[in-house]
Amino acid sequence: MKKILTLICVSALGGLLTLGGYMLFVKQDEGHVAVEQVSELPIYVPTNTTTTFNGATNVAPNFVEAAEKTINAVVHVKNTAIVSAPMTMQDLFFGRSQQRAQVGTGSGVIISPTGYIVTNNHVIQNANEISITLNNNKSYMAEVIGTDESTDIALLKIEADDDLPFMAFGDSDNAKIGEWVLAVGNPFNLNSTVTAGIISAKSRDLSGRNLQSFIQTDAAVNPGNSGGALVNTNGDLIGINTAISSRDGSYIGYSFAVPSNIARKIVNDIMEYGNVQNGILGVVGGALNSKAAEQLGTDITEGFYVSEVTADTGAEKAGIKSGDIIKKIDNQDINKFSDLSGYLKTKSPDDIVNVTVIRDGDEEVLPVTLLRPTTYIVETIGSVKNASKKELKKFGADYGVKISKFDKNYKPYWNKNGIEEGSIVTRINGKKLYSVDDAENALKTRNINEPLQIEVINNEGEKVVYNFR
């Protein structure tokens with residue numbers, strides 16, 4: 001009996017120990033597993049997907065109003081030129097040449113109810129006949145009022161019975177990078193095409209010679225869009241679509257427009273003077289970057305460094321000096337040369353601009369009066385300058401411009417014929433030259449098929465006419 005009681009107690013004690021171990025280890029693990037499962041659930045952080053701009057909700061842009069305001073003011077431009085056809089063996093044998101009509105197309109923008117149209121110079125270059133088709137399919141013959149090859153802008157005129165829909169110039173200086181824009185034109189002869197994008201950059205130069213200052217956009221622009229409108233969401237004309245950057249000639253993401261402020265100035269000059277009136281600052285130099293700043297011993301990496309000031313220019317008279325860094329003209333920041341050249345293209349001779357320069361670490365604002373250019377590039381010669389009375393008297397001349405620097409490709413030819421730097425050019429295509437403006441006008445009014453005649457006084461004081469084709 002005693003053994004039985006002992007066995008029962010031992011069994012009971014074993015059961016108690018087993019139950020205690022279960023509660024201590026297994027139950028605790030189960031609770032731990034439950035906590036781990038809860039911690040693996042996704043954690044949701046409250047977010048705000050609505051953005052505001054100046055206190056207003058920022059919604060997707062609506063281009064309908066801008067498109068409706070502008071589409072009827074953009075026209076289709078057809079350029080018909082007479083060109084030489086490929087020569088056959090019969091043509092060579094009989095010494096003849098055949099001609100054929102060549103047709104090019106583009107776009108244009110009506111800028112006045114009386115029928116003035118702005119387009120690209122390359123759209124109508126060498127045209128024998130220019131036809132304009134409006135968005136309502138009415139067609140008119142156009143007259144070329146004037147062109148400017150350097151900015152690729154041309155002004156046309158059509159005569160219509162009624163006032164035409166037109167587009168007002170906007171202020172391209174106020175256009176911002178990231179701003180929505182529309183390109184309106186006639187790509188691939190598809191009339192009235194509207195594409196959208198944003199302004200990707202400003203003051204772009206594609207020439208590599210600091211001659212251009214384009215607005216860059218990612219709005220789709222293709223062949224036929226040239227001369228069309230770049231407009232903002234208000235329907236204001238802020239550029240004339242001009243070029244694309246492409247390997248195959250079609251749009252791949254980059255397009256470029258002449259800023260409206262430059263186009264407007266060109267148009268106004270052509271209307272008033274018949275040619276473009278450029279105002280020059282009178283500085284020579286280059287844009288700053290890290291490498292240039294290190295070489296020049298400055299910590300300023302943006303701006304235009306003045307290496308030389310041209311004599312008898314507004315810059316010299318205003319006190320700009322070699323070593324100055326131009327940071328701003330009027331309210332426009334100058335970070336590279338195309339910023340400087342682009343803004344100056346909107347100005348005229350005798351305009352006054354406020355130039356902000358950094359000199360010896362100090363900032364100074366100098367008012368500069370822009371003057372007319374005193375030099376001009378003449379093809380087959382090089383640079384010519386206005387000649388002083390003393391320089392003319394040396395050659396016994398009453399008029400003419402001075403050769404200041406030869407084009408390196410033509411220098412051996414001129415030197416061989418007794419013409420040197422400092423010699424006087426008296427006529428181009430029979431027109432007397434009293435200033436570089438006359439030289440510019442003589443070349444711009446020359447027919448493309450007309451030979452180039454240049455009259456120069458050689459070292460022996462003789463006037464000799466040279467012909468170039």
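Colleague: How many aromatic pairs does the count come to?

Modeller: This is a predicted model, and the count comes to nine aromatic pairs. Take phenylalanine 304 and phenylalanine 337: the ring centres are 5.2 Å apart and the planes stand at 40°, so this pair is tilted.

Colleague: Which parts does the pair of phenylalanine 304 and phenylalanine 337 tie together?

Modeller: Phenylalanine 304 belongs to strand β17 (residues 304-309) and phenylalanine 337 to helix α8 (residues 337-344), so the pair joins parts 33 residues apart in sequence.

Colleague: Is phenylalanine 304 buried or exposed?

Modeller: Buried means under 20% relative accessible area. Phenylalanine 304 has 0% relative accessibility, so it counts as buried. Phenylalanine 337, at 22%, counts as partly exposed.

Colleague: How are the rings of tryptophan 414 and phenylalanine 468 placed?

Modeller: Their centres are 5.8 Å apart with the planes at 50°, so this pair is tilted. It links distant parts of the chain, with tryptophan 414 in helix α10 (residues 411-416) and phenylalanine 468 in strand β28 (residues 463-468), 54 residues apart. Tryptophan 414 is buried at 0% relative accessibility, and phenylalanine 468 is buried at 13%. Tyr413, Trp414, Tyr466 and Phe468 make up one aromatic cluster.

Colleague: What lies over the face of tyrosine 116?

Modeller: Lysine 157 does, at 5.3 Å from the ring centre.

Colleague: Where is the place of glycine 361?

Modeller: Glycine 361 sits in the loop between β20 (352-359) and β21 (362-369). Exposed means over 50% relative accessible area; glycine 361 has 66%, so it is exposed. From C-alpha to C-alpha, glycine 361 and aspartate 324 are 9.7 Å apart in space and 37 residues apart in sequence.

Terms used
Residues numbered from 1 in each chain as written. Predicted model: local features only at pLDDT ≥ 70, side-chain atom pairs only at ≥ 80, totals over all residues. Heavy atoms only, no water. Helix = DSSP H or I, 4+ residues; strand = E, 2+ residues; numbered from the N terminus. Buried < 20%, exposed > 50% of the residue type's maximum accessible area, 1.4 Å probe, protein only. Phe/Tyr/Trp six-rings, centres within 6.5 Å; stacked < 30°, edge-to-face > 60°. Lys NZ or Arg CZ within 6 Å of the ring centre and 35° of its normal.
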